[in-house]
Amino acid sequence: MNIASPITLAAVAVMAPLATFLIIGLIAPLRRSGKPAAWVGILGATTSTVAAALLVVDGRSDILIADWLGAGGKFFASIGFQVDGISASMLLVVSLVAWCVQVFSLGYMSDETPAGLGRYYTWHSLFLFSMNGLVMSPNALQLFLCWELVGLASYLLIGFYFRKPSAGRAAVKAFWITKLADIGLGAGLVALYVLTAKASPDGLGSFDWSPQVAQAIGTGGATVVAGLFFVAVMGKSAQFPLHIWLPDAMEGPTPVSALLHAATMVAAGVYLVVRAYPLFQAAPDVLLFMTYLGAWTAIFAAVIATVQTDIKKVLAYSTCSQLGYMVSGLGAGSLFGGYFHLFTHAGFKALLFLGAGALIHAVHSNELTDMGGLWRKMKLSGTAFILGALALAGVPGLAGFFSKDTILEALHASGQTVPWLMLLLAAGLTAFYMTRVVALALFGKPGHHTEHAHEAPASMLIPVLLLAVTAVGAGYMGGPLAKMVGAEYAFHWSMTGIIATSLGLLGIAAGWAIYGARIVTAEQLAVFAPIGNFIRASAVDRSAAWVYRNAMLGLGSGIAWFDRYVVDGVMNLTAWLAMSGGQQLRTFQSGRAGDYVYAVLVGVVLLVAAGLWNA
Amino acid sequence: MSQHLLDFTVAAPAFAALLLLFIPVRAMNVVRGVSLVGALAHLGGAIAVALNYDRAVGGVQMVSTHAVVPSMGIALTFGVDGWGVPLLLLTAVMLTTGVFASWNVQPRARDFFVLLLLLTSGVAGVFVSLDLFIFFLCYEIAVLPMYLLIAIWGTAKKVEAAGPFRFVWKMLDVGGKEYAAMKLTLMLLAGSALILAAMLALYTGAGSTSFDLRHLAMTTYAPSVQTWGFLAIWIGFGALAGVWPFHTWSPDGHAAAPTAVSMLHAGVLMKLGAFGVIRIGMILLPEGARDWVWLVGSVAMINIVYGAMSAMAQKDLKYIVAYSSVSHMGVVMLGAATLTINGWNGAVFQMVAHGLMTGLFFALVGLVYGRSHSRWVPDMGGFANKMPAVAVFFTIASLSSLGLPGLAGFVAEFLVFLGAWQSGQVIWAVAGLVGAFVTAVYVLRASKSIFWGPGPSEQFHDLTDAHGTEWVALTVLATALIVLGIWPRLGLDFIDIATSEYLPAVAQQTLEALR
């Protein structure tokens, strides 16, 4: 099929949302009109999705770059588009989920003021432009540029309800934590440039991530660069202990959580590793660290997810946990495993969030206790949510099963027994907490608002059902996806797969037994309350808040005091000395003739004495 | 034509100032009109210079010379190099937007515009001067009107007596506008004394025949002149660039100054300091520069982190922005100290980026202060409900300040950090990155406190969004920040030419080794 060249399609996919961003953003009457602005935004997302789909079908690779920065008359940095299997498939994932979320928002955000809705779609268009630009990056520098821009979009969208103080705090916190981590990416880029410059004849470095670059800078250099890059990945992809911003980010509208903080933006860290994999492969120490940290995050976040009462918080910790799987898989040397899980996770996690959004929309609350028994009222979205939960729990045949299995296999093959066991355990916990959510929200005792709940409108239902299809079907795309990434994949049952599946089914059974069938009473469950409270208290979050308040703000106040009263104090002291010195000297000019005669006399005596002394 | 282009560009504001003296004080619209025409003539000249500059040829172009004191070799010589083009444009943009930002200045608007235009001619003169004497003369013309501008049109803020030197409060009105004006002037003049001494050493060391910079650059000075001359120039000009610990005039001065004066002072005058250190200190005294860059860079590192930390603790909006200038000027000095192409390109680019950014900041602060009559951030909140456009522009300035890609600040900081690492001083680059993070903390915190949240409270019930002429400064500056951020080559292609010409001699290395 030859509709347009790959570069044209890529440019359309990236630039269409930029155009809608500018149109909605700059034309104030359109922005303030609400719904029309929303349709313009959706048109941009549709264009991107179609272009991305054509790009995937086309299958060709190409690259177009323009010189961007130079030194001494030659250019070393460029921006442009790189089309290949990885970027084309990721582009389709991002655009499609964005499309689903933007359509879903038509219904979900219907209570918003027209001006608010216009602002919402402005930021969504900005996000889609930045994210597509990130995906198509031909080098690490452009990825960094877009990386920061998606962070901006995230900040703006988390803070969408800017009148709410908690939303403001969450937005700023998300920006700060990711920005702190981005010091790593900035430093990594600078290091990459300096190291490649040393190896080049004309003294110019580069920001490429090719195997040739990895070879040129050697293991030592690659360890520095990949290690620094990974710090930023920890921030963006919410790895322990920098995950603390993600649960707070749930302050944003639920569709935003689905798109940015579950399916696409948080996966940018994983995508960076996928793109820069040659550099990571040359740095075995970094890979080993990733394997352990990812596994630890997977199990740590899964444990926290089991005690959350807010449906979005459960899903947020679940996202941390699943990103941990991806990181761990990449660390174990499986590029495809990590990427495959990103691919399937984007579908079913977006589904879960949008499904949760439909439930929240119906009962006007995020709390699981306010839901209950919703399945009877919302059969379609309820079923879709259950499908998403099963896909996440790793039930055989659904999307999550295949990709999680690939990662677990890779860990097993690499001989990393401890992270492998951690991930297996996390798989069981995942099934447990998702079953808990389903049991509490959809079945069981009806909540306060259940009576008045209605099935979601079509604008919300269509995207949910579309994503439900991906939650079922995406796992079967493993073969074609592997081909696009340049890997081999075919599913086989193995020991690991059987253990993981058994643990998953066990988790579902346990979850249902406790929260669905209620074989233990609430009183018996209360025995575990102190543990739950301890986990919910989030020691990591509190330590970070302590460091911010005392170490950072305290140090700032100290320095500011020092500047005002010591550094500037010395300046004032100088002025004071000059002024008071002048006042003292002024008394010598008394104006009385006697004083002057006296002074002349003393002077003459001193001069004569000096003359005699010298003679 | 082109040989008088620079004369015209530099003289246009001063001529407008002269004209204003003959216009009655009450004719406000005529005063505004003449000022605006002067500013636009300056801007037009600067644009013509940029279009006229042949990048393929490079070097100093459009040279014009008028002998002033032939016996001493003083001549009014102007010429523009790759650095001069963007810096001249920056000056013109800041003046033009500054005129719009002072549209309703009170009282004695005419006198205000006279001083504003005069000092701008001085600034432009420094950027294109090829004669050290004229360079210094223009520098003083730029610095001295500040005293009156702050002392007459400024605002005061009381500072509590405290600290080990609290006894000085009996004699000094710390924080008052006369205090701020006097402090700024005295500290900068103390710097000028050092510059003057160094200037005389340069003149006599080169045979006492000419003040021409090109002549002086060909002279190899004795080691003692190199060492002590550079130190004097670094401290002398550095005081204006906000080099620690001689920066303390800046927070008080910029906080006390009226809007357009803060815009021009932080936006372009501080750049004169950094420009002087590089253009006079480093290029004329390369050995001295190489001896001292360790100190220049280390102090710049202090500027960046210490300035940002101080800004974080401020509660007065103008002090936040003023301390952020101290921090960001550290990036310029750090770039200069790296003695690499990327570092120098980044330093000059940061002069432009920070000028635009801080100009936008001060314009916004002026708007907020003019409407709310408060600069006290903890009192504010929810202003975005009443002034959404101001909130958007404030966010753009904040984002450029914290180095967000897509805005000019990022390009500058990134180049400087590249240069810092290339020069082997990894700690400099790390300090810069940490400074960028601390900047993110304080600007977003301020932005949240002012604009986000419910409200605003009853005290601020009559806030209105930007309107009329106020839009000009905001849109022009924000657009410039975005355009330079997306396509930095618009500035960098000029800057790189001059850097490539000057740096190899200063660093004593080939271009290849410096990239």
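Packing here rests on contacts, where two residues touch if their C-beta atoms, placed from the backbone, lie within 7 Å. Helices (H or I, at least four residues) are DSSP runs, numbered from the N terminus.

Keep in mind that this is a predicted model: local features need pLDDT of at least 70, side-chain atom pairs count only at pLDDT 80 or more, and totals for chains, interfaces and linings use all residues. Residues are numbered from 1 along each chain as its sequence is written, with chains lettered from A and ligands numbered from 1 in the order in which they are written.

Back to α10(A), residues 254-263: 10 of its 10 residues are buried. A residue is buried if 20 or more other C-beta atoms lie within 10 Å of its own, exposed if 12 or fewer, and partly exposed in between. Among the buried residues are A:Thr254, A:Pro255, A:Ser257 and A:His261.

Further along chain A, have a look at helix α17 (residues 399-414) and helix α18 (residues 417-442), which pack at an angle of about 155° with their axes 9 Å apart. Axes are lines fitted to C-alpha atoms, for helices over the stretch in contact, and angles run from 0 to 180 degrees between N-to-C directions. That angle makes α17(A) roughly antiparallel to α18(A), a label for angles over 145 degrees. On the α17(A) side the contact is made by A:Lys404, A:Leu408, A:Leu411 and A:His412, and on the α18(A) side by A:Pro419, A:Trp420, A:Leu423, A:Leu424 and A:Ala427. These residues divide into seven nonpolar, one polar and one charged. Nonpolar covers Ala, Val, Leu, Ile, Met, Phe, Trp, Tyr, Cys and Pro; charged covers Asp, Glu, Lys and Arg; the others, Gly among them, are polar.

Now for where the chains meet: the contact takes 51 residues from chain B and 51 residues from chain A. On the chain B side, α17(B) gives the most, with 10 residues. That side of chain B divides into 35 nonpolar, 11 polar and five charged residues.

Last stop, B:Ala473, which sits in helix α18 (residues 470-486) of chain B. B:Ala473 counts as buried because it has 31 C-beta neighbours inside 10 Å. Leaving aside neighbours within four places in sequence, B:Ala473 is in contact with B:Thr97, B:Phe100, B:Ala101 and B:Ala363. B:Phe494 lies 21 residues away from B:Ala473 in sequence and 25 Å away in space, C-alpha to C-alpha.

Terms used:
Helix = DSSP H or I, 4+ residues; strand = E, 2+ residues; numbered from the N terminus. Parallel < 35°, antiparallel > 145°, perpendicular 65-115°, else oblique.
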